[in-house]
Amino acid sequence: MAETVELATQTRKPHGSNEARRLRRKGLIPAVVYGHEEGTVAVTLAGEDLEKAIRHGARVVDLKSDGKVQKALIREVQWDHLGKELLHVDFARVAIDERVVLDVRVELRGIAPGVTAGGALDQPLHQLSIECLAISVPDHIRVNIGELQIGQSVHVRDLVLPEGVKAMVDADAIVVQVKAPVVEATAGGVPGAPGTETAEPEVIGRKVAAEEEAE
Amino acid sequence: MPLMPKRVKFRKSQRGTLKGNASRGNRVNFGEFGLQSLESGWLSAEAIEAGRITASHAIRGEGRLYIRVFPHKSVTAIPAETRMGKGKGEPEYWAAVVKTGMILFEVAGLPEPAARDCLARVAYKMPFKCRLVSRKPGG
């Protein structure tokens, strides 16, 4: 469980994309705080602190504004098209004893003997949707794959979840498995080399010449 | 054999535009690491195939490779020394339309140094500047 990070916020008055762009240029990140039947408040935060908190896996933060501190869950984070720069963050107000639903990273531990024997590790579930107390959100769900042989898999029901944490996905869903190695058929010929036949795709709606002749 | 659609509605397509950045297909969704394009352009089916072969050699059956782009677009060309007119040329190759930020390839089941090495080799085969990205936030 990550330590709760305290972030200083300031209420922002002018809204809109132009103002948001101006703020980002100054190193601030526009954000919004909502929930608990209180009004939606547009705020700004120092980009550096927020980015650091997110990169360190913070999920619940203490938002400090005008001397008041309120707990908030990082509900949604918007990144730019390259996934490098933070654009906007949504905070949802939470109470200490409130149960929240969120996605947590699945972390694999150990080296599967099946992989050493030539199998391929396949992880269909990288994030697990869980329900837990807002103050005890786990950083990740650890899965030990130290005994996984070829053909074996770990299902959601096999996971050892921390106390008070409930998985919100199908218990039969596969988290990780070791598949038998697939022998890949070698492609015939070098692409684009002379003599390589380049077939054309079928054109929908076009009649084949033979059919036309028959008609 | 390079990738190509099985059925198409029209054999030839117009050039289209490549303005803007990728708003979809710009996150690592299947594997742990991905190769992200930092430029836009057409990625030919041959280049995708070259990347696939390079990656399969690099991972040597250990991990899993995901190809995130598909050449849906036919690119036509007119033979050299042809007089003006006589219509649009014949399809020459198939290409994927790539916008800045798109994930081209992903690898799973490999440790980070191996994945880095694999995708760096694939990046040499790409006609764009690329960078390695991970699944982690901001990675």
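Q: Which residue stands opposite Ser44(B) in S6(B)?

A: Two strands pair if DSSP finds at least two bridges between them, strands being DSSP runs (E) of at least two residues and helices runs (H or I) of at least four, both numbered from the N terminus. In this predicted model, Ser44(B) has Ala95(B) opposite in S6(B). Strand S3 (residues 41–44) of chain B pairs there with strand S6 (residues 90–98) of chain B, in the antiparallel sense and over 4 bridges. S6(B) also pairs with strand S5 (residues 73–77) of chain B, again antiparallel, over 5 bridges; Val75(B) has Tyr93(B) as its bridge partner.

Q: In which sense do S14(A) and S1(B) pair, parallel or antiparallel?

A: The pairing of S14(A) with strand S1 (residues 7–8) of chain B is parallel and has 2 bridges. Glu202(A) is opposite Arg7(B) in S1(B).

Q: How is the extent of the interface of chain A and chain B to be read?

A: The size of an interface is often given as the accessible area lost when the parts come together. Here chain A and chain B bury about 2,600 Å² between them, with 52% of it on carbon and sulfur atoms; this buried area (1.4 Å probe) is summed over both parts. In terms of contact (heavy atoms within 4.5 Å), 27 residues of chain A meet 36 residues of chain B.

Q: How many salt bridges does the rule find across the interface?

A: A salt bridge requires a side-chain nitrogen of Lys or Arg within 4 Å of a carboxyl oxygen of Asp or Glu. The rule finds 3 across the interface of chain A and chain B. One of the salt bridges joins Asp122(A) to Arg64(B), with the closest N and O atoms 3.5 Å apart.

Q: Which elements of chain A each supply at least two residues of the side that touches chain B?

A: They are helix H2 (47–55), strand S8 (120–122) and strand S14 (202–203). S8(A) gives the largest share, 3 residues.

How values were computed: Residues numbered from 1 in each chain as written. Chains lettered and ligands numbered in written order. Predicted model: local features only at pLDDT ≥ 70, side-chain atom pairs only at ≥ 80, totals over all residues. Heavy atoms only, no water. Buried area = accessible area lost by both parts, 1.4 Å probe.
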